[in-house]
Amino acid sequence: MFVTHDIDEALLLADRIIVMQAQPGRIHEEITVPFERPRMTEIIASGEFMHLKQHCLHQLCSDRRRACRGFHHYAFEHF
């Protein structure tokens with residue numbers, strides 16, 4: 001188990017991702033990462049990776065709307 005705030009890192013290294021709510025710290029969702037091992041960094045450019053990353057961002061921001069306003073724009077425009 002490891003803790004990260006980097007979604008790309010989580011998708012590359014983890015087999016499942018636990019998304020936590022902001023306050024109080026509860027589990028919001030458990031996401032199973034479907035990518036086979038070994039995972040190469042080239043997977044980051046795949047449509048499936050991008051879709052799962054967007055889903056993770058949406059889950060993180062769903063109860064943090066004010067904190068994520070600019071974050072959504074940055075995350076989707078630069079990838």
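Biologist: What makes up the chain, from the N terminus on?

Modeller: The chain holds three helices and two strands, and its elements run α-β-β-α-α from the N terminus. Buried residues account for 28% of the 79 residues. Of the contacts with a separation of 6 or more, 41% are between residues 24 or more positions apart.

Biologist: How do you know which element has the lowest mean pLDDT, and which the highest?

Modeller: The mean pLDDT is 44 for helix 3 (residues 65–77), the lowest among the elements, and 94 for helix 1 (residues 7–13), the highest. Over residues 70–79 the pLDDT is below 50, and this stretch has 12 contacts in the model beyond near neighbours in sequence. Where pLDDT is low, predicted coordinates should not be read in detail. For the chain, the mean is 81, with 78% of the residues at 70 or more.

Biologist: Why is the pair of F35 and F49 called stacked?

Modeller: Two values decide the matter. Ring centres must lie within 6.5 Å to pair, and planes under 30 degrees apart count as stacked. The centres of F35 and F49 are 5.9 Å apart and their planes stand at 25°, so the pair is stacked. The two residues are 14 apart in the chain, F35 being in the loop between strand 2 and helix 2 (47–61) and F49 in helix 2. Both F35 and F49 are buried. A search of the whole structure finds one aromatic pair.

Biologist: What makes the contact of D8 with K53 a salt bridge?

Modeller: The criterion is a side-chain nitrogen of Lys or Arg within 4 Å of a carboxyl oxygen of Asp or Glu. The closest N and O atoms of D8 and K53 are 3.0 Å apart, and the pair therefore qualifies. D8 belongs to helix 1 and K53 to helix 2, so the bridge ties together parts that are 45 residues apart in sequence. Both D8 and K53 are buried. In the whole structure, four salt bridges are found.

Biologist: How do you know that R16 and E30 meet in a salt bridge?

Modeller: Their N to O distance is 2.9 Å, and the limit is 4 Å. R16 lies in strand 1 and E30 in strand 2, so this pair ties together parts 14 residues apart in sequence.

Biologist: Why is E30 called partly exposed?

Modeller: Buried means under 20% relative accessible area and exposed means over 50%, with partly exposed in between. E30 has a value of 45%, and therefore counts as partly exposed.

Biologist: What is the salt-bridge partner of R37, and where do the two residues lie?

Modeller: R37 forms a salt bridge with D15, the closest N and O atoms being 3.1 Å apart. R37 is in the loop between strand 2 and helix 2, and D15 is in the loop between helix 1 and strand 1 (16–20), 22 residues apart. R37, at 45% relative accessibility, is partly exposed, and D15, at 46%, is partly exposed. R37 is also joined to P38 by a cis peptide bond, with omega about -5°.

Biologist: Why is I27 called exposed?

Modeller: The relative accessible area of I27 is 57%, and the threshold for exposed is over 50%. I27 lies in strand 2 (residues 27–32). Together with I18 and M20, I27 forms a nonpolar surface patch with about 260 Å² of accessible area.

Technical notes:
Residues numbered from 1 in each chain as written. Predicted model: local features only at pLDDT ≥ 70, side-chain atom pairs only at ≥ 80, totals over all residues. Heavy atoms only, no water. Patch = residues over 30% accessible without salt bridge, like charges linked within 9 Å, V, L, I, M, F, W, Y side chains within 5 Å. Areas by Shrake-Rupley, 256 points an atom, 1.4 Å probe, with all protein chains shown as cover. Helix = DSSP H or I, 4+ residues; strand = E, 2+ residues; numbered from the N terminus. Buried < 20%, exposed > 50% of the residue type's maximum accessible area, 1.4 Å probe, protein only. Contact = heavy atoms within 4.5 Å. pLDDT = per-residue confidence, 0-100. Phe/Tyr/Trp six-rings, centres within 6.5 Å; stacked < 30°, edge-to-face > 60°.
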